[in-house]
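I opened the structure and kept notes as I went. Here is what I looked up.

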Amino acid sequence: MVHTSGVVSRAELTARTGLNRSTVADLVRELSQRGLVAEGSPLATGAPGRPSPSVTVRTDGIYVLALDVKVDSVAAATVSLGGHRLASKRVARPRSRRDISTVLDALAGLGTELMEELPDTQRLVGIGVSIVGLVPRSDAMVEVTPNLGWSDVPLAEALRARLRRRVPIVVSNDGDAGALGERVHGVARGIDDLLYVSGEVGIGGGIIAGGRALGGAVGHAGEIGHTLVDPQGEPCRCGARGCWETVIGEAALLRRAGLPEDGGQRAVSQLRGAALRGDDAALAAMEAVGRWLGLGLAGLVNVLNPQLIVLGGLHGEFHRFLAASAAEELERNSLVARGSPTGIVPAMFGVDSSLIGAAEDALQPLLRDPMTWPSWNAGDTSPDGFTGAISVE
Ligand SMILES: [Zn+2]
């Protein structure tokens with residue numbers, strides 16, 4: 001609760017947990033001894049009665065390393081409790097250089113650089129990785145990433161060898177991570193039914209239903225970019241034809257705007273400039289892609305009835321240009337959307353939603369049971385930063 005609130009009074013913790021006051025005081029004391037939270041002066045609430053001390057997360061105690069692999073870039077962040085980014089860096093990568101070792105070397109290099117900036121007293125407790133690809137729930141193997149051209153990559157193992165840290169490594173799909181990041185710290189806080197659409201070269205998604213991430217039988221649920229919307233459409237990188245990705249992905253947007261569809265970030269920034277200037281071709285392309293976006297969303301909304309649709313990546317960035325036509329098409333084609341209006345909003349963290357989500361994944365073991373975590377004020381200065389009760393994979 002303190003992690004997601006950032007700062008909260010002890011009285012509010014008591015009210016929200018239903019525990020009694022002395023239990024909450026004991027728990028706060030224990031968490032504080034472990035360097036996870038700090039007690040401060042009372043929050044000004046204006047309420048009558050004895051003021052209650054505030055409890056905040058410590059950002060100088062533990063941290064996790066979050067890593068993110070996209071088609072055009074790799075990113076790393078060191079993140080403390082409360083989801084605070086201590087440092088964060090994204091580096092563009094040429095699409096021509098996608099071989100696995102090169103990308104993982106760059107990613108691990110970035111992560112190591114950020115970890116080395118932190119003092120020895122700050123302890124690493126986990127590593128979370130988000131990647132544009134299919135990641136089964138049961139292991140840290142990446143099955144396939146059509147847009148990177150990789151298959152069967154033992155990602156956790158490969159990164160462990162490069163990072164040399166003895167902490168758990170959690171790998172997740174970027175759509176799932178994005179949904180989590182936006183739900184815990186972003187624009188979808190407190191939303192239990194959420195559809196997150198992650199748009200860049202490919203289209204990914206993350207679904208939260210009834211407060212839980214929807215994984216499916218093996219964890220592949222949410223590959224919304226490969227739902228069929230046009231049987232006579234363009235071939236898709238996944239091997240099928242007419243997937244949603246082929247009509248709303250980056251290539252489709254650039255092609256419609258008269259720009260080279262494989263033009264990458266350079267072409268995307270030309271498109272951005274043109275749209276901001278009010279260029280007709282750019283705006284027409286956005287409008288048309290918005291219609292396909294709304295059409296695909298209509299099917300998803302009929303199935304999922306989300307409270308909120310969060311557009312991440314490319315579509316989040318271009319939200320203001322394509323949301324109107326998307327909303328119109330959504331309402332026209334979805335019985336459910338007509339009955340219960342569904343907001344379409346841009347992600348708060350832009351391209352970094354999945355990076356924030358990867359950090360959240362890595363924090364989960366500690367958050368589930370912070371009391372099993374050893375106190376690092378007790379003289380343990382192991383450089384691996386790990387002596388906890390959680391087993392290392
Ligand atoms: Zn496809």
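**Domains.** I am working from a predicted model. I took the domain assignment of the protein chain first: domain 1 covers 2-57, domain 2 covers 62-177 + 352-372, and domain 3 covers 190-347. I then checked domain 1 against domain 2, and their C-alpha centres lie 32 Å apart. Their contact takes 7 residues from domain 1 and 6 residues from domain 2. On the domain 1 side I found 3 nonpolar, 2 polar and 2 charged residues.

**Core.** I looked up the largest nonpolar core, which has 108 residues. Val64, Ala66, Ala76, Ile127, Val129, Val289 and Ala359 have the most contacts inside it. Helix 10 (residues 280-304) gives the most to this core, with 12 residues. I picked Ala359 and set aside its neighbours within four places in sequence. Ala359 is then in contact with Val64, Ala66, Ala77, Val79, Gly83 and Gly128.

**Helix 4.** I tested the length of helix 4 (residues 100-116). Its 17 residues at 1.5 Å each should span 24 Å, and the end C-alpha atoms are 24 Å apart, so the two agree. Next I asked which residues of helix 4 are buried. They are Leu104, Leu107, Ala108, Leu110, Gly111, Leu114 and Met115. These cover an arc of only 155 degrees around the axis, so they sit on the same side of helix 4. An α-helix has 3.6 residues a turn, so residues three or four places apart point the same way. The face turned away from the buried side of helix 4 carries the exposed residues Ser101, Thr102, Glu113 and Glu116. Last, I noted what covers the buried residues of helix 4: the cover includes strand 4 (62-69), strand 5 (73-80), strand 6 (85-92), strand 7 (123-131) and helix 5 (155-163).

How values were computed: Residues are numbered from 1 along each chain as its sequence is written. This is a predicted model: local features need pLDDT of at least 70, side-chain atom pairs count only at pLDDT 80 or more; totals for chains, interfaces and linings use all residues. Helices (H or I, at least four residues) and strands (E, at least two) are DSSP runs, numbered from the N terminus. The expected span of a helix is 1.5 Å times one less than its number of residues. A residue is buried if 20 or more other C-beta atoms lie within 10 Å of its own, exposed if 12 or fewer, and partly exposed in between; C-beta atoms are placed from the backbone. The arc is that of the directions from the helix axis to the C-beta atoms. Two residues are in contact if their C-beta atoms, placed from the backbone, lie within 7 Å. Domain bounds come from an automatic or database domain assignment. Ala, Val, Leu, Ile, Met, Phe, Trp, Tyr, Cys and Pro count as nonpolar, Asp, Glu, Lys and Arg as charged, and the others, Gly among them, as polar. A nonpolar core is a set of buried Ala, Val, Leu, Ile, Met, Phe, Trp, Tyr and Cys residues joined through C-beta atoms within 7 Å.
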